[in-house]
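Dear colleague,

Please find below the structure that I am handing over to you. My findings follow directly after it.

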Amino acid sequence: MTALIAVALPYTFLYLACFSDPGFITPETHAYYMSLYPYDHALFHPGRSKHCGICKRCIAKADHHCVFINLCVGYGNHHWFLLLLLSTAVLTSYGGLLGLSILSGVVKGRFPDWSVWPPAGYGLNNYLVAWSWAMQRDISLGATTLLAALTSPLVWALLFYTLYHVYCGTTTNESLKWSDMAEDMADGYAFTRPIRRGRQRDFGAEPSCSRWPVEPEMAVIATVDGQPPVVREGMPPLAGEGDWQRVWKLKNVENMYDLGFRDNLADIFVREYAFRKFREELPFKSHHHH
């Protein structure tokens with residue numbers, strides 16, 4: 001039963017990740033997806049979207065284009081992708097351990113004083129010879145075990161890397177944007193200024209997002225010439241009020257999409273998750289409690 005479930009789950013989640021809508025933005029879905037996340041005026045400014053050059057579509061909450069599912073991972077299938085990684089990691093670990101346990105029994109039958117943890121004075125050479133003898137005796141079992149054991153750490157690493165992004169409240173796409181922003185800051189090319197609460201906004205370009213418990217407190221912009229941002233003729237106005245201050249480090253800028261690991265994860269698994277709006281504590285000090 002364990003083997004049956006362990007093998008069936010990755011295929012199920014692979015199918016669901018491949019064939020569900022990752023969040024394609026179309027004229028029909030555009031307004032809906034725009035209402036899910038507010039602009040932070042740091043990574044995302046009104047009127048901009050993430051377009052995938054491989055899918056040739058814009059994706060809501062785009063994480064990355066995944067070669068394993070031949071599709072983007074986004075708002076609609078991020079949860080299936082996480083479950084695919086988890087079930088695959090469990091399958092490879094289970095397969096590797098099961099294979100090693102069978103091979104170990106084979107070796108023990110031939111060399112009674114052998115054990116998985118080499119006994120004192122056994123010698124590395126003899127130990128490896130015993131393993132290779134068992135693998136040659138049943139090539140298909142040996143190869144499968146080796147493959148599962150070597151693949152397992154890679155899948156677990158990818159799972160923890162993805163969960164780390166969830167913990168940080170970013171997507172893979174956003175983490176790349178943040179690292180670019182950090183470089184711009186270190187070079188002195190990034191500027192920030194406060195955004196006033198209750199400001200006037202163009203709801204056509206920047207819809208309100210009622211489910212989000214915080215609002216942006218500052219606008220962050222990197223310029224090409226290292227001079228404070230200037231609005232040129234025909235450009236949309238920039239958010240915020242007052243003078244632009246140079247900002248040197250990422251820690252001086254808030255990521256308003258990070259609401260703590262539990263909420264970040266719930267946002268992936270629960271459609272239109274409402275973030276327990278009335279709670280008093282947020283991971284960072286915000287003056288925008290609803």
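His45 lies in the loop that runs between α2 (30-34) and β1 (51-52). As the model is a predicted one, everything reported here should be read as a description of that prediction. His45 has a relative accessibility of 16% and therefore counts as buried, the cut-off for that term being under 20%. Leaving aside residues up to four places away in sequence, His45 is in contact with Tyr39, Val220 and Ile221. Its side chain also takes part in polar contacts with the backbone. A polar atom of the His45 side chain lies 3.2 Å from the backbone oxygen of Ala42, and the side chain of His45 reaches the backbone oxygen of Val220 at 3.4 Å. With regard to Trp178, which is 133 residues from His45 along the chain, the two C-alpha atoms are separated by 14 Å.

Helix α1 comprises 18 residues (residues 2-19). The buried residues of α1 are Ala6, Pro10, Phe13 and Ala17. Among the elements that cover these buried residues are β4 (71-73) and α3 (78-110).

Helix α4 (residues 124-137) has 14 residues, and the distance from its first C-alpha to its last is 20 Å, close to the 20 Å expected at 1.5 Å a residue. Its buried residues include Tyr127, Ala130, Trp131 and Ala134. Because these residues cover an arc of only 95 degrees around the axis, they are on the same side of α4. What do the buried residues of α4 pack against? They pack against α3. On the face turned away from the buried side, α4 carries the exposed residues Asn125 and Gln136.

Finally, there is an annotation to set beside the model. An unreviewed UniProt entry places the feature "transmembrane region" at residues 80-103 and 141-164. In the model, residues 80-103 are 100% helix and 0% strand, with end C-alpha atoms that lie 34 Å apart. Residues 141-164 are likewise 100% helix and 0% strand, and the end C-alpha atoms of that span are 34 Å apart.

With kind regards

Technical notes: Residues numbered from 1 in each chain as written. Predicted model: local features only at pLDDT ≥ 70, side-chain atom pairs only at ≥ 80, totals over all residues. Heavy atoms only, no water. Helix = DSSP H or I, 4+ residues; strand = E, 2+ residues; numbered from the N terminus. Buried < 20%, exposed > 50% of the residue type's maximum accessible area, 1.4 Å probe, protein only. Contact = heavy atoms within 4.5 Å. Polar contact = N/O pair within 3.5 Å; in protein donor to acceptor, adjacent residues only side chain to side chain. Expected span 1.5 Å × (residues − 1). Arc of directions from axis to C-beta. UniProt positions renumbered as here; feature names shortened; annotations may be inferred.
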